[in-house]
Amino acid sequence: MFGRALNIELEHPTLVMGEGCKNTIARDADWIGDYDITAMLCMRVKNKAGIANQYITTVFVCRDPFPFTMNVMLPVFTTLLLSMTAYWVDPCNLADRLSVTLTLLLTQAAFMVVVKDQLPSVPYLTPIEKVIVLSLSMLFMQAVFFTRVRMKCLRQYEDRWFNFG
């Protein structure tokens, strides 16, 4: 690891003997946050006439996923744990049970929008997005389950009401 700060110095080939490109990592360079520089490559490119008139510098960085993962996973799992509180509400009271579940479903949807803004734009679902989509689908299935339970409660109530025997 080279560290977390990056400073690249490129010098004109006529002014410097040798390759004309030197790679340095300086302490007073710009801060890159939670990225680690794994490698740097500086190449001098010659044109068709054999004159070096371009330089290509490639910086390889990797990101430590733990802080971002914890900032996403902890709220997702906390929301899922809070959704379990709806099971303590009376099973036949659909309004109260769904109010908890749908509020948490909207919370997860808003959280997904915030996380999507912080992730790179790629044409597939990242693992973090998969976890959020899974939690959204779990909350949706919970709402469907609560509705099914309410329908059973109504059928039992109708059977008691219309039972003349």
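The model is predicted, with local features needing pLDDT of at least 70, side-chain atom pairs counting only at pLDDT 80 or more, and totals for chains, interfaces and linings using all residues. Residues are numbered from 1 along each chain as its sequence is written, and side-chain values use heavy atoms, leaving out hydrogens and water.

**Exercise 1.** Find how strand 4 and strand 5 are joined.

Solution. Strands (E, at least two residues) and helices (H or I, at least four) are DSSP runs, numbered from the N terminus. Strand 4 covers residues 35–46 and strand 5 covers residues 52–63. The two run antiparallel, joined by 11 bridges; strands pair if DSSP finds at least two bridges between them. Across the pair, Ile 37 stands opposite Val 61. The strands form a hairpin with 5 residues between them, and Gly 50 in the turn has a positive phi of about 85°.

**Exercise 2.** Which residues of helix 1 are buried, and which exposed ones lie on the face turned away?

Solution. Buried means under 20% relative accessible area, exposed over 50%, partly exposed in between (1.4 Å probe, protein chains only). Phe 68, Val 72, Met 73, Val 76, Thr 79, Leu 80 and Ser 83 are buried. They lie on the same side of helix 1, because they cover an arc of only 125° around the axis, taken from the directions from the helix axis to the C-beta atoms. The face turned away from this buried side carries the exposed Phe 66, Asn 71, Leu 74 and Leu 81.
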